[in-house]
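Me: I'd like to go through this structure with you. Can we take it piece by piece?

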Amino acid sequence: MDIQKKMQDLVDQINHYNHAYYQLNESLISDEAFDKLLAELQKLECENPLFAIPNSPTQHVGGSITKTFQSVTHQFPMLSLGNTYNESDLRDFDERIQKALGEEPYEYVCELKFDGVALSFWYENGKLIKGVTRGDGTRGDDITNNVKTIRSIPQTITSTDFPATFEVRGEGYMPISSFDKINADKIANGEAPLANPRNAASGTFKMQDSRVVAQRNMACFVYAYLGNEIPFQTHEEGLKLMQENGFPVSATYQKCGSIDEVIQYISAWEDKRHDLPLNTDGIVIKINDLGQQERLGFTAKSPRWAIAYKYPSEIAHTRIESVSYQVGRTGNVTPVANLNPVYLAGTVIKRASIHNANEMERLDLHVNDTVFIEKGGEIIPKITGVDSAKRIANAIKFEFPTHCPACDHELIRHEGEANHYCTNDHHCPPQIKGRIEHFIQRKALNIENLGTETIDLLVERGIIRNAADLYTLNEASFEGLDGFQSKSIANILTSIIKSKEIPFRQVLFGIGIRHIGATIAEKLVQSFHSIENLSHASYDELVNVPEIGDRIALSILDFFKEADNQNFIEKLRAAQVQLSEEIQEIVLEGQALVGKSFVISGVFENFERDELKAKIIANGGKVVSSISSKLDYLVAGNNMGPAKLEKANQLNIQILSEEEFLALLT
Ligand SMILES: NC(=O)c1ccc[n+]([C@@H]2O[C@H](COP(=O)([O-])OP(=O)(O)OC[C@H]3O[C@@H](n4cnc5c(N)ncnc54)[C@H](O)[C@@H]3O)[C@@H](O)[C@H]2O)c1
Ligand SMILES: [Zn+2]
């Protein structure tokens, strides 16, 4: 291929991957493969400088600002880091440093390379005034409200160690524990799990609703201090000063006198890093002396005084033998690849998740394909790509089934959803079993002594058909079943009786209405107090609850419409399971809006819609979805639909601007 075309191809590919990675928070290829493409382009540009395009991705940071946040200009550019994957490149880096500094002695500081997103925190007169993303390196997104949810980042500094204005930089991340918890909930609700903690962190920090960000327990490690006045001489002193003043500095850094010590540090952390509460993808090596840093300077894209060493990524390749389709408790059908067993990062992998039909289509999987599997922070390893060069001629493509693999009922796919569902809820065996397993779990009815196998057996023998039937079990129900002694039967029955004391919020979660996780169940109980009230709640009443949107409201309405579900609830009631509970109501901020109803429309300057909704409710008002003659106010933001406006005018409804609404509260 001609060189110029090859270079343009690389530029296009890299731009495409950068866009997916930084804007859509998706990795379409592994980092290692991406870095190879970039290195290849860099090499070609060096050898053929005439063909290098001016705006090549080798010359600037890969990200960009978004339209959804205000953008701010960085006082000091936020750059990337050069990277190496092996010892010899690292020694080359050390030689370049030596050469540039002449005879001067120098030291390095090694830190772990935390795998999240770069954040910049601006302080003025002791107050945190802004939190900004890296963006395109020159300008970033102002995500102040979101970074303020990071508990370890001080919002005020009283120390006199710092000047009036300064900036601290660090890596915002999603702790693996939060990531696992979110994914466990997503999987329990039949949703596609988040791909990895880095992409999840990047997506979370760019969310519009900072209350959702707050629930995700985001964290940060800071690693740099910048400003016009710098109260120290070395990077290490800077880290210490930040740590003494309450900034979250990871204690894992180390000063190294030579490149050999750096290499020792790298190997010491190769395995140990997996015990940390976050993912790390390498080590960052920095010159310690700030004067030397200044003399070494920067390229267009990264400092010359620092470099990243990246650990080889945990990727393996193997053959895909078949695809199984698992039916979850909500009827969602998930493809799972059965692999020729392969060893990866300490475990033998036999299966990998494919998530859904879109993912299967994207991978274009064929029988016996060689696939790449990767283990990040994920629960299950993931197929990240296919080596299409190794595809066998005339290989058959895997096709997503049209009918349920368990009950043969036709599958449906809701508009806008990636998942296929079997809607034969009450007669599809894996759904029945899945719902019972969901019902008995610790966070729900907490019925101990009842394993998956026992449930399978009881369902297969027709002894129970749903979770409510558990309450009809007695010693005689186990007659003729192998392996049950009277002691174990007694234990099961005792656990079942004990579950009648479990509070309603856990019961509601256990009932397993689609999209109702444990947190949402609690919110619903706060507002409705009993299954009775919930089953009669209207769409408007449901969406009035903070965090309950259209999707959840519809799912609740659908659930209570079905006769089978009503019977199920009646059986629980007969068994005296807790179906009501008083949880403290939302604390009222004021009474100014009592008895008034509101419709919210458009986009607002000071509020997210959910915040505005919460504000109205906290002041005693009601939010409804449609305009009628009974409505008191329409709160109108920017870009409100003309039809709504016309209707409100026709019915003589008072229209409030954001300011006028706020004035009502005082
Ligand atoms: N898989 C893909 O599709 C894809 C696409 C684009 C980029 N990427 C990956 O993203 C990376 C490029 O992104 P980049 O420009 O942010 O570079 P980088 O992540 O390699 O290095 C710079 C970043 O490291 C972070 N960092 C973590 N710990 C640090 C510490 N102790 N000190 C200083 N910085 C620290 C900072 O956020 C800094 O911005 C490459 O590794 C590339 O593989 C992947
Ligand atoms: Zn089915």
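**Sheets, cores and a ligand**

Reply: Four strands make an open sheet in the order β20-β19-β21-β22, and the pairing is parallel. Strands here are DSSP runs of E with at least two residues, helices are runs of H or I with at least four, and both are numbered from the N terminus. Two strands pair if DSSP finds at least two bridges between them.

Me: Which strands stand at the edges, and why is one side of each left without a neighbour?

Reply: β20 (622–623) and β22 (654–656) are the edge strands; each has a single partner strand, so one side of each has no neighbour in the sheet.

Me: Before more detail, what kind of model is this?

Reply: This is a predicted model: local features need pLDDT of at least 70, side-chain atom pairs count only at pLDDT 80 or more, and totals for chains, interfaces and linings use all residues. Residues are numbered from 1 along each chain as its sequence is written, while chains are lettered from A and ligands numbered from 1 in the order in which they are written.

Me: Are the faces of β21 covered or open?

Reply: Both are covered. Tyr633 and Val635 lie on one side, Leu634 and Ala636 on the other, and all are buried. A residue is buried if 20 or more other C-beta atoms lie within 10 Å of its own, exposed if 12 or fewer, and partly exposed in between, with C-beta atoms placed from the backbone.

Me: What does Leu656 touch?

Reply: Leu656 sits in strand β22. Leaving aside neighbours within four places in sequence, Leu656 is in contact with Tyr633, Leu634, Val635, Ala636 and Phe661. Contact requires the C-beta atoms, placed from the backbone, to lie within 7 Å. The C-alpha atoms of Leu656 and Tyr633 are 6.8 Å apart, though 23 residues separate them along the chain. Leu656 has 17 other C-beta atoms within 10 Å, so it counts as partly exposed.

Me: What about Asn639, buried or exposed?

Reply: Exposed, because Asn639 has 8 C-beta neighbours inside 10 Å. Asn639 lies in the loop between β21 and α22 (642–650). Its phi is near 55 degrees, a positive value in a residue other than glycine. Most residues other than glycine have a negative phi.

Me: New topic. What is the order of the five-strand sheet?

Reply: That open sheet runs β2-β11-β10-β3-β9, with mixed pairing. The edge strands, β2 (83–84) and β9 (254–256), each pair on one side only. Seven bridges join β3 to β10 (residues 280–287), which run antiparallel. Tyr108 has Ile287 in β10 as its bridge partner.

Me: Which residues have the most contacts inside the largest nonpolar core?

Reply: Cys110, Cys220, Val222 and Ile285, in a core of 50 residues. A nonpolar core is a set of buried Ala, Val, Leu, Ile, Met, Phe, Trp, Tyr and Cys residues joined through C-beta atoms within 7 Å. Another core, apart from that one, has 48 residues, among them Val327, Leu508, Ile513 and Leu542.

Me: Why is β8 called largely enclosed?

Reply: Six of the eight residues of β8 (residues 219–226) are buried, so the rest of the structure largely encloses this strand. β7 (residues 165–173) pairs with β8 in the antiparallel sense over seven bridges.

Me: Now the ligand. Which residues come nearest to ligand 1?

Reply: Tyr21, Asp31, Ser80, Glu111 and Ala118, out of the 24 around ligand 1. A residue is near a molecule if its C-beta atom, placed from the backbone, lies within 6 Å of it. The elements giving two or more residues to that shell are α1 (3–23), α2 (31–47) and β3 (108–114).

Me: Last one: how much of the chain is buried?

Reply: 32% of the 666 residues count as buried. The chain has 23 helices and 22 strands.

How values were computed:
Two residues are in contact if their C-beta atoms, placed from the backbone, lie within 7 Å.
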